[in-house]
Amino acid sequence: MTTKSPLGTAIWEADRHLDTLEAALQDWQAAPAANLAVLETDREKLRILDQLLFRFTKLQDAMGQRLVPATLAALSEPFEDWSMIDRLNRLEKLGYLDVDAWLRWRETRNRLAHEYPDHPETRFAAIQAAVAAARAMANAYRAWRAKLNP
Amino acid sequence: MRLMPKEIAAIDLAARECFAPRSMVRLFGSRLDDSRRGGDIDLLVEPPMPLKPQELVERRNRFIARLYRVLGERRIDVLIVPAGVPDERPVVRAARRDGRLLTQVTG
């Protein structure tokens, strides 16, 4: 592997997660589970969902931890001392992301990391919301990448 | 109760943006204990009417995202249980028994 800029590295990493995420989104869409009972008895669907949510988490981490600072650095923004929310707000002003959507995806991600005592219908609705969030975030990353046009 | 005025104000504003009038928001869990430090913010939201699962998830997501924006990202757990509807989950029973009312959304 040749030496890459921080931005090149961030994109390379995010692209890998995007590829697998989009494949999982396609597989899920081809045969989505109708409810939690169906999902929990179908190993193939569970495998697809696990892959989808894992890559959603990984892509989000790659964007938050590497693409955000690398993009600001590439734009010569003096971001080093800024808080995360200030960095996000600046990127929103520059047209790279929607902060409200980003914070909702953060909440969805954090929720996936913990077990909540939700009712089954609520748990299934949360899974569907996470799949929708993954799809929206994949699209947002594509738009971000296109805008950078490195 | 260990919440700063700024945190209570943020919860009040976010609740008004995300939940119907007369919804009540209570604090429960470790933040009620003055002898401890830090910890998750555990909130019980009781709307006047039940929400469909999809709507519940959507509003909870929006509510917590609004709090992230003002307070920074942190562990915030939100239970949404319609007011007056029996719920036998131990965490809900404890939250209803011990929770401290923070705000009620006005119409």
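**Figure 1. Overview of chain A.** Read along its sequence, chain A follows the pattern α-α-α-α-α-α, and its secondary structure comes to 6 helices and 0 strands, where helices (H or I, at least four residues) and strands (E, at least two) are DSSP runs numbered from the N terminus. This is a predicted model, in which local features need pLDDT of at least 70 and side-chain atom pairs count only at pLDDT 80 or more, while totals for chains, interfaces and linings use all residues. Residues are numbered from 1 along each chain as its sequence is written, chains are lettered from A and ligands numbered from 1 in the order in which they are written, and side-chain values use heavy atoms, with hydrogens and water left out. Taken along the principal axes, the C-alpha atoms of chain A fill a box of roughly 50 × 35 × 20 Å. Of the 150 residues of chain A, 46% count as buried, a word that stands for under 20% relative accessible area, whereas exposed stands for over 50% and partly exposed for values in between (1.4 Å probe, protein chains only). Among the contacts in chain A with a separation of 6 or more, 68% come from residues 24 or more positions apart, a contact being heavy atoms within 4.5 Å.

**Figure 2. Helices H1 and H3 of chain A.** Two packed helices are described by the angle between their axes and the distance between the axes. Axes are lines fitted to C-alpha atoms, for helices over the stretch in contact, and angles run from 0 to 180 degrees between N-to-C directions. The axes of helix H1 (residues 6–30) of chain A and H3(A) come within 8 Å and cross at roughly 155°. That makes H1(A) roughly antiparallel to H3(A), since angles over 145 degrees count as roughly antiparallel, under 35 as roughly parallel, 65 to 115 as roughly perpendicular and the rest as oblique. The crossing of H1(A) and H3(A) is left-handed, a term used if the near helix is turned anticlockwise from the far one by less than a right angle, with right-handed used if clockwise. Sorted by class, the contact of H1(A) with H3(A) has 19 nonpolar, 4 polar and 6 charged residues; here Ala, Val, Leu, Ile, Met, Phe, Trp, Tyr, Cys and Pro count as nonpolar, Asp, Glu, Lys and Arg as charged, and the others, Gly among them, as polar.

**Figure 3. Helices H4 and H5 of chain A.** Helix H4 (residues 84–93) of chain A and H5(A) pack at an angle of about 135°, with their axes 9 Å apart, and H4(A) and H5(A) are therefore oblique to each other. On the H4(A) side the contact is made by A:Ile85, A:Leu88, A:Asn89 and A:Glu92, and on the H5(A) side by A:Val99, A:Asp100, A:Trp102 and A:Leu103. By class, the contact of H4(A) with H5(A) has 5 nonpolar, 1 polar and 2 charged residues.

Figure 4. The side chains of A:Arg109 and A:Asp61 meet in a salt bridge (3.0 Å, N to O), that is, a side-chain nitrogen of Lys or Arg within 4 Å of a carboxyl oxygen of Asp or Glu. This pair links distant parts of the chain, with A:Arg109 in helix H5 (residues 99–112) of chain A and A:Asp61 in helix H3 (residues 43–74) of chain A, 48 residues apart. Both A:Arg109 and A:Asp61 are buried. A network of salt bridges links A:Asp61, A:Arg106, A:Arg109 and B:Glu73, and over all chains the count comes to 25 salt bridges.

**Figure 5. Two salt bridges in chain B.** The side chains of B:Asp40 and B:Arg75 meet in a salt bridge (3.4 Å, N to O). B:Asp40 lies in the loop between strand S1 (24–28) and strand S2 (41–46) of chain B, and B:Arg75 in the loop between helix H2 (53–71) and strand S3 (76–80) of chain B, so the pair ties together parts that are 35 residues apart in sequence. B:Asp40 counts as partly exposed at 25% relative accessibility, and B:Arg75 counts as partly exposed at 32%. B:Asp98 also forms a salt bridge with B:Arg97, the closest N and O atoms being 3.2 Å apart; B:Asp98 is partly exposed at 41% relative accessibility, whereas B:Arg97 is exposed, with a relative accessible area of 61%.

Figure 6. B:Met24 is placed in strand S1 of chain B and is buried, with a relative accessible area of 19%. Not counting residues up to four places away in sequence, B:Met24 touches B:Leu44, B:Val45, B:Glu46, B:Leu101, B:Thr103 and B:Gln104. The C-alpha atoms of B:Met24 and B:Glu46 are separated by 5.1 Å, although the two residues are 22 residues apart along the chain. B:Arg59, in helix H2 of chain B, is buried with a relative accessible area of 18%.
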